[in-house]
Amino acid sequence: MLFLFLVGVKMDLSIVRRSGKKAVVIGLSAFFVPLVLNVGFAFVLQRTVTMEPQLHKSLVAIAVFQCLSSFHVIGCLLGDLKLLNSELGRLAVSSSMISGVISWIWVILAFTVRLSTMKKTGNLPFMGLSLAALFVLIIFIMRPIMLWMVAQTAKGQPIKESYIVSIFIMVMICSLLGEIVGQHFLLGPMVLGLAVPDGPPLGSALVEKLDSYVSNILLPSYFLFSGARINLSEIRMKTVGIVELLALSSFCGKVLGTMVPSLYCKMPAIDALSLGLIMSAQGITDLLVLQHGMLLLLIDGECYSIMIMSSVLFTGIITPIVKFLYNPSKRYKSTKRRRTIEHSLPNMEFGLLVCMFHQDSTPSIINLIEVFNPTPKSPICFCLVHLIRLSGRTAPVLITHRPGKSTSLHSNNYSDHIINAFRLYQEHNASSVIMNAFTAIAPYATMHDEVCTLAFEKRTSMIIIPFHKFFSAIQCTEELAHPIRSVNRNILQNAPCSVGILVDRGTLNKKPSALHTSISGRSLYSVGTIFVEGPDDREALALATRMAGNPNVSLTVTKFTDPKQNRTQKEIDSEVIMKYKTAIDGKKQHVYKEVHVKDSVDMINEIRSMEDFFDLILVGRRHDSDSPLFMGLTEWNEFPELGFLGDMLASFDANCEVSVLVVQQQSFGCAQKEKTDIFKCHVKDSFSVVDIPHNRH
C-alpha cells in the first residue's frame, strides 16, 4: 500500500502532457503491438496445442499480463543504469509514462469487469460509479487540502509533521474506500499518490520519510513472502513451455513495437534496440498485478510461479545488455571539434556554461564573467544552469526560463533569486552579454549528463563549476559537499569542452570606492596566472589573454621555467606565450615574467610570496608528475580534481585568501590523449581515492 502510494507520488503526470509526438507514438506502439501479437498468439495456441483446462481458460489473461508495462519499473531501471538524464533515458521515461498509464487503465477496467462477474450482488454500472466517486473524492477534496498544506508552508521550510500524519490518514481512508467500492485496497493509495503535489515541500518530504522504510524493510519482506508462494513442485514442463512462448512473444513484441517507430524517427539502431530492451523490463508492479490476478482467479499458482521466474530472467538479462550497448556520454564526447579557448578565433562569441548549486555563489560568478571581458565585438553568451537534487520525483526535469513566462513547477521558485540577479547583469550589459537560464532537477549521480549535454548542444568553450568546499559565508555541510564533489569530478571526466573550477574565497566580491580607484590608479581586479607547461596551462593563459583586454583588470603572468621541459611542449607553449605578449603590448598594467626554479620547494616559495597580491589566480589542473618542479607534491593531494597547484592554493592548512580558477583543457581524441598522457596520468590514479579526510581546519 505504502509502496504504490510512493509510486504515485514520484510520478509526474505532466510528462504525459509535455511528451512529444515521438514519445507518444513509441509509448502507444510499445503497448498495443505486443498486446495484439500476444493475444493473437494465445488464441492460436488455444486452438492448436493440447493443454490443461485451467491453463486453456487463463491463457488470454496471461498474454495480457505479460504485455503490461510500468513507469516506475523503467524509471528505477534507468536510475540504476544512471541513464535518467541521457537522451535515451528521457525518451524512455516519457514513452513509459504513456504506456504505463494505458496499462493501468486497462488493468483497472479488466479487474472491475472481473469483479462484477464474480459478485452475484454487484453489477458493473454500480462499481463504475463507485470508482468514479472515489476519484472525485481524491481529486476535488483531498488534493485541494494538500495544496493548502503546501501554501501554508513557508518557502524553504520543512512541511509540518501534522500535515504528514494527515496524509497518512488519507492513505488509510483511500485504501478502505477502495475495498468498499469493490476494488483492490491498493488502488486508492496509488491514485492519492498521483494527486500529491510533486517535488518540495510535500512530495519530497513524503519520499524522504517513507522511501528508506519501504525500500529497506517492507519491500524485502514482501519479496520474501512472494517468493515463498512459488511452488516449483507444481510446475509442469509443458505449462512452462506454453507460458514461456507467450513471454518470449511479449518480449519480442515490446522490442519491435519500440524499435520500429524509433528507427522511423531516424534513431540509431543500437539506441533503438537499447530503448526496446528498457521498455520490456518488468518489476514489482507486475508482481502486484499478477498477485491480484491470482486472487481474482484469472491465473492459477502454477502460471503465477512461471511468470514470476520469467520476469526475473528477462529483466536480469536486459540490464547488463543495455549497460553494454548504450553509453550516454558518446553523444557529447566530441572527437572531431576542439571546443577550447586556446583554439577559438579572436573577436568571436565566447560560449560559457555556468553551474550553480547555491545562490550565495552568484556575486562571485557574475564578477568572474565581468573579468572575462565581454565586449560588443566578442560578446559572452553563457548558459546559467541551477542544479537541484531530484527529490520527490522519479523523472528528472530540465526547465527553460524565458523572460515573461513562468512554470507551474514548484522547484522553479528556488532558482528565482539566482536567475533574476544574472538577468539584471545581462540588462546592464545588453550589447555584450547574452544569457539563457535553466534549472536542472536531477539525481547527483547523473547530474553531469545534464551539464555536458547542454554544453555540447550550446557549443560552449568552457564550463564553470564552483568548488565543493566554500570558504565564504556559505555553510556547506559534508552531506552536501560530497555529492557536489562527485558531480564536479564527473564533469571533469566527461566534459565536451574545457572546464574551470572556481575556488571562491570572496575576493572577487570586493568593491573599492570610485574615489580610491581613480586616485590610486589601481585596477578593480588584480589577476595572476601561473604557467609551467602543458595544455591546461595554455588554456589558462589563453583565458588570461582574453582578460587582458579588460581595462579594469591588471594581469601578471608568471612562467616557471624547467630545464628538463619536453621540447615539443616547449614549442607549443611558446606560441601561446607569444600571443599573450602581443595582446599586452603597450599596456602597462599587464606583466609577464619568467622565474627560474630548481625544484618544487623553490616554486612553492615563489607562489606563496605572490598569492596575497591578487584577487584571482589562474592555474592549470594537470601537470607532469615526474617533473622536478612537482616532486613531493604527489605524496599528498587532498583535492586531486584541482591538480597539484590548485590543491596547494585551496588547502585548508594554507593561509591563502585569494580565489583560484583551476582550468582543464578539453581532452581531444586519441592524438590529444597521447600528447597529454604525461599530464593526466597522476589524476587517474588519484581519482581512485574515494575516502578523503575532511577534518582539516
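This is a guided tour of a predicted model, stop by stop.

**Stop 1: the whole chain**

Start with everything shown as a cartoon. The protein has 24 helices and eleven strands. Of its 697 residues, 57% count as buried. Among contacts between residues at least 6 apart in sequence, 83% join residues at least 24 apart.

**Stop 2: colour by confidence**

The average pLDDT of the protein is 82, and 87% of the residues score at least 70. Select strand S5, residues 462-466: confidence is highest here, at a mean of 94. Now select helix H19, residues 514-520: confidence is lowest here, at a mean of 38. Where pLDDT is low, the predicted coordinates should not be read in detail.

**Stop 3: glycine in H3**

Go to Gly27, in helix H3 (residues 21-48). Is Gly27 buried or exposed? Gly27 is buried, with a relative accessible area of 0%. Show the side chains around Gly27. Leaving aside neighbours within four places in sequence, Gly27 is in contact with Ser95, Ile98 and Ser99.

**Stop 4: an aromatic cluster**

Select Phe31, Phe32 and Trp106. These three form one aromatic cluster.

**Stop 5**

Move to Lys82, in the loop between helix H5 (71-80) and H6. Most residues other than glycine have a negative phi. The phi of Lys82 is positive, near 60 degrees. With 47% relative accessibility, Lys82 counts as partly exposed.

**Stop 6: H6 against H13**

Select helix H6 (residues 87-118) and helix H13 (residues 284-295). Their axes come within 12 Å and cross at roughly 10 degrees. H6 and H13 are therefore roughly parallel to each other. Which residues make the contact? From H6, show Trp104, Val107 and Phe111. From H13, show Thr285, Val289, His292 and Gly293. By class, this contact of H6 with H13 has four nonpolar, three polar and no charged residues.

**Stop 7: H8 against H10**

Next, select helix H8 (residues 161-180) and helix H10 (residues 202-228). The angle here is about 75 degrees, with the axes 11 Å apart. H8 and H10 are therefore roughly perpendicular to each other. On the H8 side, show Glu161, Ile164, Ile167 and Phe168. On the H10 side, show Leu202, Ala205, Leu206, Lys209 and Leu210. The residues of this contact of H8 with H10 divide into seven nonpolar, no polar and two charged.

**Stop 8: a buried serine**

Jump to Ser432. This serine sits in the loop between helix H16 (416-428) and strand S4 (433-442). Ser432 counts as buried, at 6% relative accessibility. What does Ser432 touch, not counting residues up to four places away in sequence? Its partners are Pro374, Thr375, Pro376, Pro379 and Ile380. Ser432 and Lys377 are 55 residues apart in sequence and 7.7 Å apart in space, C-alpha to C-alpha.

**Stop 9**

Select Arg459, in the loop between helix H17 (447-457) and S5. Arg459 is not a glycine, yet has a positive phi of about 55 degrees. At 59% relative accessibility, Arg459 counts as exposed.

**Stop 10**

Finish with aromatic pairs; the count comes to ten. Pick Phe467 and Phe639. The ring centres of Phe467 and Phe639 are 5.1 Å apart and the planes stand at 85 degrees, so the pair is edge-to-face. Now trace where each ring comes from. Phe467 lies in the loop between S5 and helix H18 (478-494). Phe639 lies in the loop between strand S10 (616-620) and helix H23 (643-650). The pair therefore ties together parts that are 172 residues apart in sequence. Phe467 is buried, with a relative accessible area of 1%. Phe639 is buried too, at 0% relative accessibility.

Terms used
Residues numbered from 1 in each chain as written. Predicted model: local features only at pLDDT ≥ 70, side-chain atom pairs only at ≥ 80, totals over all residues. Heavy atoms only, no water. pLDDT = per-residue confidence, 0-100. Helix = DSSP H or I, 4+ residues; strand = E, 2+ residues; numbered from the N terminus. Axes fitted to C-alpha atoms, helices over the stretch in contact; angles between N-to-C directions. Parallel < 35°, antiparallel > 145°, perpendicular 65-115°, else oblique. Contact = heavy atoms within 4.5 Å. Nonpolar A, V, L, I, M, F, W, Y, C, P; charged D, E, K, R; others polar. Phe/Tyr/Trp six-rings, centres within 6.5 Å; stacked < 30°, edge-to-face > 60°. Buried < 20%, exposed > 50% of the residue type's maximum accessible area, 1.4 Å probe, protein only.
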